[in-house]
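Hi,

Here is the structure I said I would pass on. Have a look at it first, and my notes follow below.

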Amino acid sequence: CVTPTPPEQFEKQRQSPIDIAAMQMVEVVRAAGTTMHLEGLLKKFVKGKGKKLDNYNQSIVTALFEILLSVPETGQNNGSSVGSTMAATLQTIAVFSELAPDAVYLNIDTLLSYLKADNGISREEETDVVAAVCEIIYRLPAGNLDKLASYLATTPTADDLMNITYRFGPT
């Protein structure tokens, strides 16, 4: 008689060291409630590194986006709500907006969808999610912002942003 491996354990077995590092970074941000500690660590780590670190950062960003996209499917994670997991993941991505801006920009469509604030989470959590996306966009280097402005001009995102403003109003 063969006992199948539960899906959760199977997923854990297939995780790469990059995936595990990305999840740990999200947990650090969530537990601390700030990106300050992660940013401090990464700034120390970055000194004197080159192309190999760039590739690592891009891999981390890819893993972070995979985590972000899996949050609604996995539901609550480690006793935390879906909204807090989304916000912590986006806040972690914000740290990498400066370290791997091209990798973040490749996923701009995914990010912009979170600005609609229709993720099925509480209003407070939606506020945290939208604020984290704004932080990511703010941290992108100017060259990426020029590309973003051109992109936004050709999509309905501007209308979505206006609707968000009317929905949430000033805070």
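Let's start with α2 and α5, which are roughly perpendicular to each other, a label used for angles of 65 to 115 degrees (under 35 counts as roughly parallel, over 145 as roughly antiparallel, and the rest as oblique). The axes of α2 (residues 17-32) and α5 cross at roughly 110° and come within 8 Å. Axes here are lines fitted to C-alpha atoms, for helices over the stretch in contact, with angles running from 0 to 180 degrees between N-to-C directions.

Before going on, a word on where this comes from: it is a predicted model, in which local features need pLDDT of at least 70 and side-chain atom pairs count only at pLDDT 80 or more, while totals for chains, interfaces and linings use all residues. Residues are numbered from 1 along each chain as its sequence is written, and side-chain values use heavy atoms, with hydrogens and water left out.

Helices are DSSP runs (H or I, at least four residues), numbered from the N terminus. Which residues does α2 bring to α5? They are Met-25, Val-26, Val-29 and Arg-30, and they meet Ser-84, Thr-85, Ala-88, Thr-89, Gln-91, Thr-92 and Phe-96 in α5. Contact means heavy atoms within 4.5 Å. The residues of this contact divide into five nonpolar, five polar and one charged (Ala, Val, Leu, Ile, Met, Phe, Trp, Tyr, Cys and Pro count as nonpolar, Asp, Glu, Lys and Arg as charged, and the others, Gly among them, as polar).

α5 also packs against α3 (residues 36-46), at an angle of about 30° and with the axes 11 Å apart. That makes α3 roughly parallel to α5. From α3, Leu-38, Glu-39, Leu-42 and Val-46 meet Thr-92, Val-95, Phe-96 and Leu-99 of α5. That contact has six nonpolar residues, one polar and one charged.

Is Arg-139 buried or exposed? Its relative accessible area is 14%, so Arg-139 is buried. Leaving aside neighbours within four places in sequence, Arg-139 is in contact with Thr-35, Glu-39, Ala-94, Val-95, Ser-97 and Glu-98. Other buried residues of α8 include Glu-125, Val-129 and Ile-136.

Cheers

Methods. Helices (H or I, at least four residues) and strands (E, at least two) are DSSP runs, numbered from the N terminus. Buried means under 20% relative accessible area, exposed over 50%, partly exposed in between (1.4 Å probe, protein chains only).
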